[in-house]
Amino acid sequence: MPTSCSACGTSPAALRRPKTGHALCRPCFLAAFEEETHQAIVAGQLFQPGETVAIGASGGKDSTVLAHLLQLLNQRHGYGLHLVLLSVDEGIAGYRDASLAAVRRHQCRSGLPLHVVSYRQLYGWSMDSIARHLGPRNNCTFCGVFRRQALDRGALLLGADKIATGHNADDMAETVLMNFLRGDVGRLRRGAGAGSAGGEGAVPRCKPLRHAYEKEIVLYAYFQGLDYFSTECVYAPQAYRGYARALLKDLEAIRPSAVADLCHSGERLSLRPDLRLPARGACQRCGYVASQPLCKACVLLEGLDRGLPKLGIGKHQRLRDKLRDGQPLTQEELKRLGAPGENEGELPKEQETQMEPGVKGADKEPWGGWELRGPRGLDF
Amino acid sequence: MAAPVSLLVEFGGGAELLFDGIKKHQVTLPCQPEPWDIRSLLKWIKQNLLKERPELFIQGDTVRPGILVLINDADWELMGELDYKLQDKDNIIFISTLHGG
């Protein structure tokens, strides 16, 4: 038999908590996990009474546990919140269709309203059609940038005051690691916090589970019998995040508090006061929050629509300048921006008309002063 | 000589994808000179159940970090981990935390 629960002292313990090392029985763990989430919500003043909160629901473990907890705590503690499930359909066959089915099952059981926005409807491109143009790499850059904006657009449609996402402590620690490895100072400052304030088409965000270990989220879901979807996205094996994740898991195996400690480092990091970071303004095309004349989503879309899918990825300042000035690009330059060569690139028929490179209206676009100071890949 | 051991072995959280998508496996471990423990069970699983990409399930002689192990619904960290001696009718569950969000 395992040791007894360190809280009630009677029942056999069901798990060792990674952050504290305490052994708890199932009922004491469930109660502690719910209470800690409540305390995080109260202490962080994440919500105000009467607010409509859109829960970003992917059908995976984190958002399923988040939706379950918010509904439970809203009733238990009388938050007075109007909760809505908000899902993004990226258009990834065999992955998102199956996970959306899990969201719909959750909707039926919970009675919460559900709203789905799709990339195809918002951007005219599904992830599968983007991947056919782009090849196996960088898909997560498109998907992350588009998802961030899609959640905002969906939340605005619903009249939501806030978006709550299921990011957990492991996600936060991975992001700190990734941003460190990329030297992405601006994102280190923004990404490791509790959420974002909103403005310029962005809805305020919060992460009620950001202190919760993945292990505890998974065990909470298991002990509560929550039904969630757990297949890895078909494009994810190429993502840089996977390496940060593997490193974090190895560190956690040696010292479980590494996850919480990394989150803490990210939150407490202070930047030199003379460090200049790009000012945040509004995208000149769509009005969404941006630190450049065009937001990242519009740059990525511009590349897709021109048949140059890598236009928004990597350092292509000179080529963007040429495009802006209406100068023709050489075959080699077009290829660097992801245009298919003569012997490759099987494109779906509906997109073939968009393969004419660098033409109409290029000089009308606000490309001036455009400089990519940020990371090569972006993360939501 | 250890007697045969019957177990219910389960995979979840995406780990089942490495086992032809089958979540529940009723297995009987054969007689062997040493008593069965989780360490020897993992070797047996690798040889007999694991269908693809073994490195996503096993690293060295243990499970890949990020895979939770429950022994009769209790965290294996409380049960001796690899050294836990298997009993007849034990239920061993492997849950991946590595998928989706």
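1. In this predicted model, the side chains of A:Lys249 and A:Glu252 form a salt bridge, with N and O 3.2 Å apart. The two residues belong to helix H10 (residues 241-254) of chain A and are three residues apart, about one turn of the helix. A:Lys249 has a relative accessibility of 6% and therefore counts as buried, the limit being under 20%. A:Glu252, with a relative accessible area of 12%, is buried as well.

2. The pair belongs to a network. Salt bridges with shared partners connect A:Lys61, A:Asp62, A:Asp170, A:Glu174, A:Glu214, A:Arg241, A:Arg245, A:Lys249 and A:Glu252.

3. Within chain A, a salt bridge also joins the side chains of A:Lys61 and A:Glu214 (3.0 Å, N to O). This pair links distant parts of the chain: A:Lys61 lies in helix H2 (residues 61-77) and A:Glu214 in helix H9 (residues 214-224), 153 residues apart. Both A:Lys61 and A:Glu214 are buried.

4. Which residue forms a salt bridge with A:Glu267? The partner is A:Arg210, and the closest N and O atoms are 2.7 Å apart. A:Glu267 is in helix H11 (residues 258-268) of chain A, whereas A:Arg210 is in the loop between strand E8 (205-206) and H9, so the pair ties together parts that are 57 residues apart in sequence. A:Glu267 is partly exposed, at 35% relative accessibility, while A:Arg210 is buried, with a relative accessible area of 17%.

5. A search of the whole structure gives 29 salt bridges over all chains. Between chain B and chain A the count is four. In one salt bridge, the side chain of A:Arg26 meets that of B:Asp73 at 2.9 Å, N to O. On the side of chain B that touches chain A, strand E5 (67-71), strand E6 (74-75) and strand E7 (90-96) each supply at least two residues. By class, this side has 10 nonpolar, eight polar and four charged residues.

6. The contact between the chains draws 27 residues from chain A and 22 residues from chain B. The area buried between them is about 2,000 Å², and carbon and sulfur atoms give 58% of this area. Eight residue pairs are in polar contact across the interface.

7. Chain B itself contains one helix and seven strands, in the order β-β-α-β-β-β-β-β from the N terminus. Of its 101 residues, 54% count as buried. Among contacts in chain B with a separation of 6 or more, 59% involve residues 24 or more positions apart. Chain B exposes about 4,600 Å², of which carbon and sulfur atoms supply 50%.

Note on methods: Residues are numbered from 1 along each chain as its sequence is written. Chains are lettered from A and ligands numbered from 1 in the order in which they are written. This is a predicted model: local features need pLDDT of at least 70, side-chain atom pairs count only at pLDDT 80 or more; totals for chains, interfaces and linings use all residues. Side-chain values use heavy atoms; hydrogens and water are left out. Contact means heavy atoms within 4.5 Å. Buried area is the accessible area (1.4 Å probe) that two parts lose on being put together, summed over both. A polar contact is a pair of N or O atoms within 3.5 Å; within protein, one must be able to donate a hydrogen and the other to accept it, and residues adjacent in sequence count only if both atoms are side-chain atoms. Helices (H or I, at least four residues) and strands (E, at least two) are DSSP runs, numbered from the N terminus. Ala, Val, Leu, Ile, Met, Phe, Trp, Tyr, Cys and Pro count as nonpolar, Asp, Glu, Lys and Arg as charged, and the others, Gly among them, as polar. Buried means under 20% relative accessible area, exposed over 50%, partly exposed in between (1.4 Å probe, protein chains only). Accessible areas come from the Shrake-Rupley method with a 1.4 Å probe; for residues, only the protein chains shown count as cover.
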